[in-house]
Amino acid sequence: MTSNSKGLILDRRSLIAGASALGLAGMFGRPTWAQETPVRGGVFIMGIGGGSTTDDFDLRKLTDWVPVNQAYMVMNGLVEIDKDNVAQPELFESWTAAEGAVEWTFKVRQGVTFHNGKTLTADDIVYSLNIHRGADTTSAARSVAAAFKDVARVSDSEVKITLESGNADLPYVLSDYHFLVVPEGFQDWSNPIGTGPFTLESFEPGVRARFLRNESYWKPGCANVDAVEVIVINDIAARTNALMSGQVHAMNGVDFKTVDLLSRAPNLQIVRSAGGQHFTFLMDCTQAPFTDNNIRMAIKHSIDREQLLQTALLGNGRLGNDHPIPSTDRFYNSELPQRPYDPEKAKFYLKEAGLDALKVTLSSSDAAFTGAVDAAAIYRTAAAAAGIEVEVKREPADGYWDNVWMKAPFCMSFWGGRPTADQMLTIAYQSASAQNDTRWANEEFDKLLVEARALLDDTRRREIYWRLQELISNEGGAMIPMFGDYLDAVSTRVKGVGPHPMFNLMGARMAEKIWLEA
């Protein structure tokens, strides 16, 4: 997610049309989308991988699945992405843009209160956005928030955002999970206060947390369970066993090897969501030998993508082409040739770099994604035929995002999808981004990215986004061999479940949406 998850409208017609092509496969093994009336009560227990003892609720550094899911339990966002990948009002209940999409006016939802009884006003939203802005912020979303020239309170119920340059996708930008809302002046990130569906009762970072229903929650039909318990289970086998034995009601990151087994269990359902989740081998472009693009191209030609997709993901996804835009995106470059496994071409690029062979260390952990260690081993074998010796360094899951990601010269990671191409490219590839995890910098890329986001002409936008994908694929530091479906497993006792294009566990909002069978 890096956020990665460890993790951004005027032309709404074309956006909605594009959303219909997302390819959501839904649940299999059970009937889907039955119309049922939510019931209240019960304790919903989630077994989630992607937690660490360093976790808290600081919105500036949400990096993995557990903190993101827990943040959404306590806090609301400004804009929500729905199951069709369309931006819907949340704490911003409506918006309008001036000509050129530089000035936007947002209406603040009325009648919403924080858990401490304070009424939500524009001041809270201005504060919550501003913690991600400025030269001194530590926020992972600072590169996204840097586009905000001004965030101003117009009245208690109105906020104006003025951009450095026009952006037709601003409501999608504001759906970023870092942009949740806390009271003005709030700083106690171990004891969060929000307007969300639950309040925090207890919290042991990296181990477990318990949340109680917010009895005055403003969204109808939501916050149906009395309490939510989150148990952090980073080991995939332990997480699967906890679900099968009934210790938890839902788990994320199903092991691709156990999909068929779990789908045959009479008391379980598999939820598959196809979207922009992709898995990455990251080369730090500021550290040798990856400062040389010939080395990066040699690495990119030395992986057998089809083998990796079929072996590591068991076919539960699609081939990647070393850029982050999925085939379901309306700006996907469908004419960029698919990069093949070509050991001889890899050797050619090594020679261009003045080398006959290469030895690299690849840091890997299943914290990066389920099956990452297996994928590293598969890559090591394929790379050997190209004269590249890969030493796989297995890293501990706990602390991976703090100690390895964006520190090791060559490591594994993942990105959850983003609702627009601009948001994905901005947060992960713009040179100034705090989450540019390959530290790749390209002047042409940065210039075109800014130009594209202000355009209302989709034909010209498409031309630019196609070029940006080409630049990343041919020059960037990310080897992206595959896109993977999001796979969750849920007890049949859990109702209201469905696929979502944005992340596991219904876009990290499952606890808010579901109810338990009476």
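Arg-109 is buried, with 18% of relative accessible area; here buried means under 20%, exposed over 50% and partly exposed in between, for a 1.4 Å probe and protein chains only. The model is predicted, so local features need pLDDT of at least 70 and side-chain atom pairs count only at pLDDT 80 or more, while totals for chains, interfaces and linings use all residues. Residues are numbered from 1 along each chain as its sequence is written, and side-chain values use heavy atoms, with hydrogens and water left out.

The side chain of Arg-109 meets that of Glu-93 in a salt bridge, at 4.0 Å from N to O. A salt bridge is a side-chain nitrogen of Lys or Arg within 4 Å of a carboxyl oxygen of Asp or Glu, and the structure holds 39 of them. This pair links distant parts of the chain, 16 residues apart: Glu-93 lies in strand β5 (residues 92–97), and Arg-109 in the loop between β6 (103–108) and α3 (122–130). Helices (H or I, at least four residues) and strands (E, at least two) are DSSP runs, numbered from the N terminus. Glu-93 is partly exposed, at 34% relative accessibility.

A further salt bridge joins Asp-374 and Lys-257 (2.9 Å, N to O). Here, too, distant parts of the chain are linked, with Asp-374 in helix α11 and Lys-257 in the loop between β12 (250–251) and α7 (259–263), 117 residues apart. Asp-374 is partly exposed at 36%, whereas Lys-257 is exposed at 51%.

Salt bridges with shared partners also join Glu-80, Glu-90, Lys-219, Arg-509, Glu-512 and Lys-513 into one network. Within this group, Lys-219 is buried, its relative accessible area being 10%, and its place is in the loop between β10 (208–213) and β11 (227–232). Its side chain makes a polar contact of 3.0 Å with the side chain of Glu-90 and another, of 2.9 Å, with that of Glu-512. A polar contact is a pair of N or O atoms within 3.5 Å; within protein, one must be able to donate a hydrogen and the other to accept it, and residues adjacent in sequence count only if both atoms are side-chain atoms.

Turning to helix α9 (residues 305–312), the buried residues are Arg-305, Leu-308, Leu-309 and Ala-312. They lie on the same side of α9 because they cover an arc of only 100 degrees around the axis, taken from the directions from the helix axis to the C-beta atoms. Just after α9, Leu-314 takes a positive phi of about 50 degrees.
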